[in-house]
Amino acid sequence: MKIYWTKINKIIEEAPEVKTYLLDCPEGFTWEEGAHTHFAFEGFNAGDKPNRSLIRHMSISTLPHENSIGITTRIREQCSEFKSILRNMEVGHEVAIFKTHSNVPLKREDRNVYLLSSGVGLATFRPLVLEYLERTDNVNQIHSLNIDSSRDFLFTPIFESAPDKKFTSQFVDNRKDYYEEVKNFAADKNGLFYIVGSDEFLTQNIEVLREQGVKPEQIMLDKHEQQLPAFLSFDLSS
């Protein structure tokens, strides 16, 4: 396993409690849209076993051509040891990244794509939307729907509807409106549904989609292959 040590080159305040940490791109480090990485602090591998409180699984919110690795996260007042360390980090501080992989690259199968996210989960979809806006080949259209009760919606310059590119973006601040839209999307029996958020959020979305007749193979989750059955073996008879 190759560990890349790199430095924070910029910190962007996206919204209250939400920051993007931009990291220098180490030589030889590559990724694609929909990627996640293991993000760790100094000392995480100092003992016999990795110190898991100093490691987090994070989505990369940028594309390689932006020349920085973006990690966007919410840091609340009351937070974990990891987030507390991160909150105090500054430009020039060193971090580690390793085990980078994409579970949710943009599928180009001449279908409609629906991006369903909650809050800062939108960070995972930012690179997919950028990739699509640069090259729309073999995707019919994309519709993004994000629920954020704080109303501090993220990445609004990118998540702005672009009819000429067949890209629609929607933000809602309540569950009722959100799930009504999800049911409307589920009428598309050939669509691809990408979902990013907490495990509870994934489960609720999958239940709604499956009840509307969407098949498991149409649902894309940012999870390792061995984790998928736990979410997608939804029993319709119960």
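Q: Which residue is the bridge partner of F39 in strand 4?
A: R56 in strand 4 is the partner. Here is the general idea. Helices (H or I, at least four residues) and strands (E, at least two) are DSSP runs, numbered from the N terminus. Two strands pair if DSSP finds at least two bridges between them. Now the case here. Strand 3 (35-40) and strand 4 (55-59) run antiparallel, joined by 5 bridges.

Q: What kind of model is this?
A: It is a predicted model, in which local features need pLDDT of at least 70, side-chain atom pairs count only at pLDDT 80 or more, and totals for chains, interfaces and linings use all residues. Residues are numbered from 1 along each chain as its sequence is written, and side-chain values use heavy atoms, with hydrogens and water left out.

Q: What does strand 3 pair with over 5 antiparallel bridges, besides strand 4?
A: Strand 6 (residues 94-102). In strand 6, F39 has I97 as its bridge partner, and A40 has A96.

Q: Which residues sit on each face of strand 3?
A: In a regular strand, side chains alternate between the two faces of the sheet. On one side of strand 3 are A35, T37 and F39. On the other are H36, H38 and A40. All are buried, and both faces are covered.

Q: What is the strand order in the sheet of 6 strands?
A: The order is 4-3-6-1-2-5, in an open sheet with antiparallel pairing. Strand 4 and strand 5 (69-74) are the edges, each pairing on one side only.

Q: How many residues does the largest nonpolar core have?
A: In soluble globular proteins, nonpolar side chains tend to be buried together. A nonpolar core is a set of buried Ala, Val, Leu, Ile, Met, Phe, Trp, Tyr and Cys residues joined through side-chain atoms within 4.5 Å. The largest here has 26 residues. V113, L115, I142, F159 and Y194 have the most contacts inside it. Helix 2 gives the largest share, 7 residues. Apart from this core lies another, of 25 residues, including A35, F41, I97 and F98.

Q: What does F159 touch?
A: Contact means heavy atoms within 4.5 Å. Leaving aside neighbours within four places in sequence, F159 contacts L122, F125, R126, V129, S144, L154, F167, S169 and F171.

Q: How many aromatic pairs are there?
A: There are 13. A pair of rings is described by the distance of the centres and the angle of the planes. Rings of Phe, Tyr and Trp (its six-membered ring) pair if their centres lie within 6.5 Å; planes under 30 degrees apart are stacked, over 60 edge-to-face, and the rest tilted. F41 and F82 are stacked, at 4.4 Å centre to centre with 15° between planes. They lie 41 residues apart, with F82 in helix 1 (residues 81-87). Both are buried. Y178 and Y179 are edge-to-face, because their centres are 4.9 Å apart and their planes stand at 90°.

Q: Which ring does the charged end of R126 sit over?
A: A charge sits over a ring if NZ of Lys or CZ of Arg is within 6 Å of the ring centre and within 35 degrees of the ring normal. R126 sits over the ring of F155, 5.8 Å from its centre. K2 lies over the face of Y4, 5.0 Å from the ring centre.

Notes
Buried means under 20% relative accessible area, exposed over 50%, partly exposed in between (1.4 Å probe, protein chains only).
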